[in-house]
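Trainee: Could you take me slowly through one part of this model, explaining how the charged side chains pair up and where they sit?

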Amino acid sequence: MKQGLRAFWREFRSPGTAAAGIFLALLILMAIFAGLVAPYDPVAQSDVRLAPPGSGHLLGTDQFGRDILSRLLIGGRVDLTVSFGASLLAMCIGVLLGLAGGTARSFLGGLAMRAVEVVLAFPPIVLALLVVTLFGQGELTLVVTMGVLFAPAFARIVYGEVLTVRSLEYVQASTAIGTPRSRIVFGVILPAVYPPILVQLSLTLASAMLLSSGLSYLGLGTVPPTPSWGGMIAEGQALMMTSPLLLLVSSGVVVATILSFSVLADALEKALDPRRRKSRVELTPATVTPTFGGPSEPDPSTQGAA
Amino acid sequence: SANTGEDSTTVLTYGLDSDVPNLQTLKNQGSASMILNSVLHRGLVQYDADGNIVPALAAEVSDVDKQEYTFVLHEGLTFHDGSALTSEDVKASLEAMADADNVAKMYPAAKNIVSIDTPDDLTTIVKLSAPDAAFLSYMADVSGAILPSESIGQEDPTYVGAGPYKFVSYENGSEFVVEKFDDYYEEDKPSIDRIEFKILSDQSARDSALLSGSVDAVSFVGWNNYDQVSANSNLVLDETEGPFMYLLFNTTSDSPFSNPLVRQAVAYAVDRQAVVDSALAGRGEPLSGMPIPESSEYYNEEQANYYTQDLDKAKELLAEAGYPNGFTATMLSSSQYDFHQNTAISVQADLKKIGIELEMVMPDWPTRLEIGAAGDYDIAVYGTVGITNDPSFLDQLLTPAGSQNAPFGYDDPTVNDLLTRGRAATDETERKAIYDELGAYVLENAPIVGLAWRSQAYGYDKKVSGFSNIPGFLTFDSGYTLADATIG
Amino acid sequence: MVLTIAKRLAAGVGLLFVVATLIFIALHLVPGDPARTILTGTGAVPTDAAVENLREQLGLNLPLGQQYLRYLHELVTGSLGTSLNDNRPVIELIGERLPRTLQLIGSTTVVSVIVGVTIGALAARRGGLIDRIVMVLTSFAVAVPAYVAAVLLVYFVGVKLQWLPSGGYVDPAVDVGRHLRALVLPTISLSLGFSGIVARMTRSAVLNVGNQDWVRTALSVGLTRGQVFRRHVLRNSLSPVVTVTSLQMGGLLGGTVIIERVFSWPGLSGLLIDGVTSRNYPVVQGIVILIAALFILLNIVVDIVYGLLDPRGRSK
Amino acid sequence: MAPESDGPLLRVAGLTVGFGEPSAPVVDDLHFDVTTGETVALVGESGSGKTMTAMSVLGLLPPTATVTGSVRLAGKEVIGAPEDQLRAIRGRSAAMIFQEPMTAFNPVYTVGRQIVDALRARERISRAEAMNRAVDLLRRVGIPEPERRAKSYPHELSGGQRQRAMIALAISGNPSLLIADEPTTALDVTVQAEILALMKGLQRDLGMAILLITHDMGVVAEMADRVVVMKDGIGVEQADVFELFEAPRNDYTRALLEAVPRPGVGGRLHRLSVGEPARAEGEDESPALEVSHLSVRYPGKFLSPGFLAVNDVSLTIPRGQVLGLVGESGSGKSTIGKTIAGLLRPESGTVTVAGKDALVSSESRLREIRRNYGMVFQDPASSLNPRNSIGQSIAEPLLVHARSLTASQRQARVNELLEQVELPVAWHVRFPHELSGGQRQRVGIARALAANPHLLIADEPTSALDVSVQAAVLELFQRLQRDLGFSCLFISHDLAVVEILADRVAVLADGALVEEGDAEQVLRSPVTDYTKRLIAAAPVPDPRVQRARAAARIETEAAALTS
Ligand SMILES: Nc1ncnc2c1ncn2[C@@H]1O[C@H](COP(=O)(O)OP(=O)(O)OP(=O)(O)O)[C@@H](O)[C@H]1O
Ligand SMILES: Nc1ncnc2c1ncn2[C@@H]1O[C@H](COP(=O)(O)OP(=O)(O)OP(=O)(O)O)[C@@H](O)[C@H]1O
Ligand SMILES: [Mg+2]
Ligand SMILES: [Mg+2]
């Protein structure tokens, strides 16, 4: 693990990864200090509606005359927390269920996977409505709802992988050692399924950012006028044909965030796999320093210096 | 697109704004149902393209003191199924409208019917409990249609009526097709042989269909696409201001808005132009007074422009009401409809300026309706349209009969009295005086606060003529003009 | 194997019962009164008496337990009840919509899997610039809302270029050509995110198996790197790809509402969402149970596929 | 496929292979030739670079490796050759038998399918025809029931069967040069003899050259024409086989030959007189392991009864004793080992470890039992977690069973173990894929010994070790046995090793015990024919003797065939 982290830092030498890391770091900083950085009050309306970028409003204004940049900055705070929170929650629940499904005694494991199927079958909108009803609006509710909604995907992915991994000989070796089951599950099997989990995490993040705007339709999540990226995308969609700026800017930030996160997840994935660490391994031939021919005199039994 | 096929049948394709899975002519099922009803059905009277009430199935209409109405049908009327349309059908239809359980759209007018006589097959005499000057304006609505008596009360729609088009096919969520009814009572009408209604519930999809020419006409061009449609040399944008947005208050005593001064303060605080600009994409007009459209005879210019934004005055009123520092309240709107949500946001910002902090509740539509009906709000955004151009529609906004549309708990004897008198008065000037008095009282008392007129536009191909947007509240009745439409 | 499947199917029936009960409870917990919603529609003003009356007519004022029993009875008899707002049997409504949705899912899945696996594999194999391009493209694909993609497609391909119909469903029985043409844009819109997801998963899985020893063996017997890649590496990477594909397919069952709206494609999702927004309990319940059933079947199939893909994982 | 130039078929010149930046190369300026029809043995210490040399010939070094120098195959340069040129070589001009057959097969395809693929990559033949050839190849390498095994997945084969499938795969293209990297490590001596005969037959019929990597000096003696000896990446000696065995010039070579254990003769290593093993006080006298009437069945495909791999086997290992389990490849040895370790559910029978039922399902009880034993898996590559450094792998039992240890104590123990199995202590941060086959095997041994088990189940623990390292490991075993009094189920096909270590020997054939008894007695005066044959087939590290024996073997077989 420690080596993994070190390798992860090493990955930062690649410009793409570094750029992604810096972008995300900036984003987080901005979100934390948005209140100080934002040029305007994000909910203050004005008569300067749908203004183009420039002159006073760096990224222009929306149909309420609110400053888009300020809304992006402040909105990021909520959106990043909510989508990361939801994705991580989903990952935790889903991975646990998937591991249970793949490794627990057949009854429990089956139960876990059947529970997953129940959630999968539930239309998100009904689930969301239910959650709002029971727990009211708000960010925490949104995190929980999306956490529950996205967990099954993790569970299925982990389950599918565990089916293979659990029968690998090194897992059996751990069993034979007497390593406790929990340790095998979390210390041996889980690391082997990191790669798809990491990919799914970055995909879930994207879905979470989009879904939070979809669910605001039900009044779930950030309540307007409080800014959120999802909400801005939704607002931007309505205006996309006449003033595409809002949509461009808000989706742009989401795309960049997803991309950066994916790149980082990819680097992490690489760092966590010792076989891939040093280079992009996969089907590329060994490095060759060609010294073609070599000594051409007929070979006696000459060996290198003994 | 409109093709004149080899057999030279003319076809109009029409983009409808939503599906009507169970068309029930008597009921208010929204604008799409009104379009369909208007081609399938006819009532005794109808609106013409300018919004005037003109006889339809009834060849003659007469009244005695606005309390006894006599309708004489055209001779030889038949329904689409070939059965004769007689005064018995008229009677049955009116009785159905008068039955509270049917929740007929015409109920507010039909509930006053005390008797219906049918001396012969053509004549129907309707007696009302009190004079009702607005009776015909209700009957002219598409849901005042005369239906075959045997179809009334049936659960599944038969689509059989006496309108210019008869039903051909309906595919849930996709398409509703009608074709010309040869025995329609008006000679030479309709002109178009067949209308295919495509169900295009997505705003932008509908606009795209119109712009790409895959439909000839659509209900309701999106506000953001007005410019594109009017800029297109093949298309007509036919616009009117019909529905309007307003604020409702919870007037029961536990809400600060039970105090008329607070309500007035709200009326002074809101920036109506901002609502138009931010929630309606600029497609509309501020509604600064009584919601009586300019096209109405009861329009009162002074009352129409009663309020202007005046924050100082608003603050004063609040102070006077005992809230010098404002208060916190809940605002009900719905996130399901952009313009509801955005109106609320716009108002929230205005009220914040006078110290009223609004906490937003924006659930989906059914939840919104339930919360509204239960009165679990302090202030709410709503949008509606007058059922007729006649000011008697105001009872839907100002009395408990209006339920959803009316302020929660608002039941003012003065208002009730004026509304009853206005309805009963038979003399035009007397009526106008009563409604002016009502207007003055309501504006002062402010149980509702008008915000904005909403623009509604039909868009259609230049080669479609005769179809037009009936102005004002009657915009949703515009389907009547499809009977006059020609194509080519 | 057969026994396992039989067991799963039996469990599936139990599961359907659980889902049915949960959705029943959920719908009745959620606020919003079907009667009021039906009567109010987009602006009518029903009296409270009328609402009550309709509630009675629809059987909504019966005690919940009784409603539940009736619902179970309908479920067992397979009728799934009648829609509250148009009195049509739910099973009939579903029967009408399901094939269209399945078709959309089918075409989308085929396109997405082909495209996704291809570009994902390409990115993993080639690395470098191609990999970076794929990462960017897939980030777009998964992060741009389907609605935006759909509307843009309609606008440019349908309205501006007029290459393809901008929407509308054409029954294949009426005109196969037009039917297929109408299928193109919705399929593309749905495939964007789907193929992005498949591509990402493929890429990662390929990178993960690409350095196993048996790759070396396969090369040593004279297979080309391409052959080794296609026959071995790709094949061994498929399990997570199958998983995400199945999840996406299942998700599309009730999740194509936006695309259905934009392209006026009368499918199941639209019915579901209309059902939810009008609190049309029987319709929602019916569709949810159907989706659950399909999901359960899909998962059984996927679990079988896991076994086919990797013999080691077969349950002991 | 005659070489295009007059030069030797394979000429390795100045070959240098390195990993990472500054470290010493793992193959250092190596020169040797292989001519057509010749067998060259590459022998040397575990980790001396034999496998890397072989990989260079096919251009299959790990991507992290850097190579310089020249490898010419049939006159064409391999190092730096473009991919399609390499592909043309692979399988045809040169094919390779990989050292670790478990990880060398794609787990998701049947072995038959993988051979079919290889055939069809080179020739345009139908799938059915290729399958016939594949089955034929499997038959030739002595796999019983080849039709059925062709349809088996790699994990369904025993270690030896997989190795033979690997051989079948390699010879499927009738290569001009066969590189055989420890081709018989997992094979019992009878099968090994068959394989060697097969290879010789191919050599005779096709003029095939063989580059044979092995640590078994008996095999070298039987097969090789010339021998190249490697140590630490350097070729230290190259000589004719007779010359080498008779008069090794290099010190290392000499040491190597001396370390070779000889059955019945005893090499440098000999049984230590163990005496009474140390025994903890107060323990009851129940045997360390008691297996009775054990039957194990692998589930079959749909509705078929499955395969009975172990049939009513009973074994007892008294405390402090070593039981050697020998027997034909595929006879069920590993299956017994895995079942004892609780990794397979027996169909019937009981397993008792130190008096406790080892087939319980309670996890805490199991852990209690597992604290007492360690297991060395037959296939080191697949039994090590690729994501863990070898230090972590070795420390795993300590984490479980010696929880009181601090991190530094644990590290100290790991270092000690690494030293005991002759691996550099600094390598604890390495990952399994960065080791040679023999090194990985030693990691497996170190792991099994880490928590001082009372019972060791060792499945071919020294199969990949050269004799000197093997000697060290065996010494270690004996020392531990003396010091700790541990018991051992020692599965091996190497009778010489068994003789050194085992107190008793059990002989398994087709899943059933055929003979059991005192080691000396079973190995010196076997009762059953099966055991007799087994012993007769064990190669001796003397080229003259071994060749004579091989010839005799062929004669008797020929005689058996004619009769
Ligand atoms: N991927 C790698 N990275 C770093 N070092 C490696 C790697 N692969 C092998 N080595 C090292 O190279 C050396 C030679 O390995 P090789 O596999 O050739 O040994 P070998 O002679 O075949 O040994 P054995 O008889 O044990 O199989 C070993 O010391 C090993 O640790
Ligand atoms: N998972 C499995 N499914 C079916 N058959 C199996 C499986 N594993 C092993 N077998 C069969 O069981 C028999 C015994 O296998 P086992 O691995 O115990 O042999 P072994 O004595 O260890 O042989 P070797 O010396 O070659 O390693 C073999 O014939 C093998 O083909
Ligand atoms: Mg080796
Ligand atoms: Mg074995």
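Mentor: In this predicted model, the side chains of D:Glu520 and D:Arg524 meet in a salt bridge, with 4.0 Å from N to O. Because these two residues are four apart in helix α20 (residues 519-524) of chain D, about one helical turn separates D:Glu520 from D:Arg524. D:Arg524 has a relative accessible area of 46%, and so it counts as partly exposed, since that value falls between the cut-offs of 20% and 50%. Side chains of opposite charge can pair when their charged atoms come close.

Now turn to chain A, where A:Arg66 and A:Glu235 form a salt bridge whose closest N and O atoms are 3.5 Å apart. A:Arg66 lies in the loop between α3 (34-37) and α4 (68-103) of chain A, while A:Glu235 belongs to helix α11 (residues 229-238) of chain A, so this pair ties together parts that are 169 residues apart in sequence. A:Arg66 is buried at 0% relative accessibility, and A:Glu235 is buried too, at 13%.

To place these pairs in context, a search of the whole structure finds 57 salt bridges over all chains.

Terms used:
Residues are numbered from 1 along each chain as its sequence is written. Chains are lettered from A and ligands numbered from 1 in the order in which they are written. This is a predicted model: local features need pLDDT of at least 70, side-chain atom pairs count only at pLDDT 80 or more; totals for chains, interfaces and linings use all residues. Side-chain values use heavy atoms; hydrogens and water are left out. Buried means under 20% relative accessible area, exposed over 50%, partly exposed in between (1.4 Å probe, protein chains only).
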